[in-house]
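Let us take a friendly walk through a protein model, stopping at a few residues and then at some aromatic rings. Have the structure open beside you as you read.

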Amino acid sequence: MKEPTKILLEEKDIPTRWYNIQADMPNLPKPPLNPASKKPLGPEDLSPIFPMDLIKQEVSTERWIDIPDEVREIYHLWRPTPLYRAHRLEKALDTPAKIYYKYEGVSPAGSHKLNTSVPQVYYNKKAGIKRIATETGAGQWGSALSLACRFFGLDCTVYMVKVSYHQKPYRRSFMELFGANVIPSPSEHTEAGRKILAENPDSLGSLGIAISEAVEDAATREDTNYALGSVLNHVLLHQTVIGLEAKKQLEKVDSYPDVVIGCCGGGSNFAGLSFPFLQDVLSGGRKTRVMAVEPSACPTLTRGKFAYDYGDTAKLTPISMMYTLGHDFVPPGIHAGGLRYHGDAPLVSQLYHDGFIEARAYPQRAVFEAAVTFARSEGIVPAPEAAHAVKAALDEAVACRESGEAKTILFCLSGHGFFDLAAYDAYLAGELEDIEYSPELLEQSLAKLPQVE
Ligand SMILES: *Cc1c(COP(=O)(O)O)cnc(C)c1O
């Protein structure tokens, strides 16, 4: 009998606990450092911008962390998300491989990011915070945070990377619809923004710059905290609902993946899907391959350095041990804005360094070609970020056609691309270019890594 196309769970199957991979890692990441003193960070360093519940999750080594009822109640709006068996894509590729994808684009914000914005705003509200400042690149994080702030009645200010602010006006409309105040970054609102504008009035901005502005905003106001949509341990923790559900869904059809794939910007959707499977590798002796996919224009894992670096351009954030291209590396303006970050999550970086994760980088034209193939078979338009995972899954499936192996491939379709149709337009018109990063600029920015004993 043919396996179902949509493998669904019931609301009662929404996970009740997040999985914390820190309990199972052979080597934990080196501790983050205070950016001024370069000494290991204490809770008091983070408390001006984060609530204590999130700081505790950041350093917890408990394997399972309860999801608050108030958060699960909101998860009901779109979770459990469907797991699809890509029958039509398999046929189009003529592959013996089984392809599954977990679709996070059904969330009202259009991506996986709502999985963490909801608990983050919940813990901030519990701590008495009235307003949250953040940055957004392509607009997905800002959208997810605006929505979560609205649900819990908090004010929201979003510093949006200037190039996206102009490229994606409807992302801004979406955030404003939910009541957020959206500011193009660099801006005159902060010291960090004014400094960049004085040096370069035409700056298109970058995630690193927008983070500096949002952190400064939060640090200088008593009623305001900061929220980050990726990279941090607690963000990756919240995203594990993706993989926990996928595992249950695959159990229902008696399947288990040989390879798990996610696109990797800061690493949160990739970690969310893969960490619950990595648990079986780390503590159960499973041999599943786990693959992070990045743009070759911003090749953090495949070309970066494993070193201590700042999370932002203005050096306001803690110094973390991670794969990095350097904190002032500004990647070319590719369409997958959510993958244009110079660093990667310390948890993902450590696991990659220790050989538990593979990484691959692709140029954007090949990525869009794969996205179109996928869309024409499955009917879903992938976000350009998610299309990187699609491309890797297609390559794996085509390799199976050649080798005759019937592998089971699972990937995360982290979001839909309805706000990215201008990028698809450019691709279809043959106007999309493969923009490479500059090796000279990379070398220059790696030379500016902080000196840490
Ligand atoms: C933000 C975003 C990403 C990249 O962020 P990660 O933390 O690496 O997951 C990928 N896909 C979509 C749809 C996004 O919105």
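Ser107 is buried, because its relative accessibility is 3%; buried means under 20% relative accessible area, exposed over 50%, and partly exposed in between, with a 1.4 Å probe and protein chains only. This serine is found in the loop between E5 and H5. Helices (H or I, at least four residues) and strands (E, at least two) are DSSP runs, numbered from the N terminus. The side chain of Ser107 reaches the backbone oxygen of Ser111 at 2.8 Å. Setting aside neighbours within four places in sequence, Ser107 is in contact (heavy atoms within 4.5 Å) with Trp78 and Leu114.

Before going on, note that this is a predicted model, where local features need pLDDT of at least 70 and side-chain atom pairs count only at pLDDT 80 or more, while totals for chains, interfaces and linings use all residues. Residues are numbered from 1 along each chain as its sequence is written, and side-chain values use heavy atoms, with hydrogens and water left out.

Lys113 is placed in the loop between strand E5 (98–103) and helix H5 (114–126). In an unreviewed entry, UniProt lists Lys113 for "modified residue: N6-(pyridoxal phosphate)lysine"; such annotations may be inferred rather than shown by experiment. Is Lys113 buried or exposed? Lys113 is buried, since its relative accessible area is 14%. Not counting residues up to four places away in sequence, Lys113 touches Gln140, Trp141, Ala144, Gly229 and Gln239.

Now for the rings. The structure holds 17 aromatic pairs. Rings of Phe, Tyr and Trp (its six-membered ring) pair if their centres lie within 6.5 Å; planes under 30 degrees apart count as stacked, over 60 as edge-to-face and the rest as tilted. One of these pairs, Tyr256 and Phe277, is edge-to-face because the centres are 5.6 Å apart and the planes stand at 75 degrees. Tyr256 lies in the loop between helix H12 (241–252) and strand E10 (259–263), whereas Phe277 is in helix H13 (residues 268–284), 21 residues apart. Another edge-to-face pair is Phe329 and Tyr437, with 6.5 Å from centre to centre and 65 degrees between the planes. Phe329 and Tyr437 are 108 residues apart and link distant parts of the chain.

Here is how buried these ring residues are:

| Residue | Relative accessible area |
|---|---|
| Tyr256 | 19%, buried |
| Phe277 | 0%, buried |
| Phe329 | 7%, buried |
| Tyr437 | 11%, buried |

Ring pairs also link Tyr84, Tyr101, Phe374 and Phe411 into a cluster.

Definitions and conventions: Polar contact = N/O pair within 3.5 Å; in protein donor to acceptor, adjacent residues only side chain to side chain.
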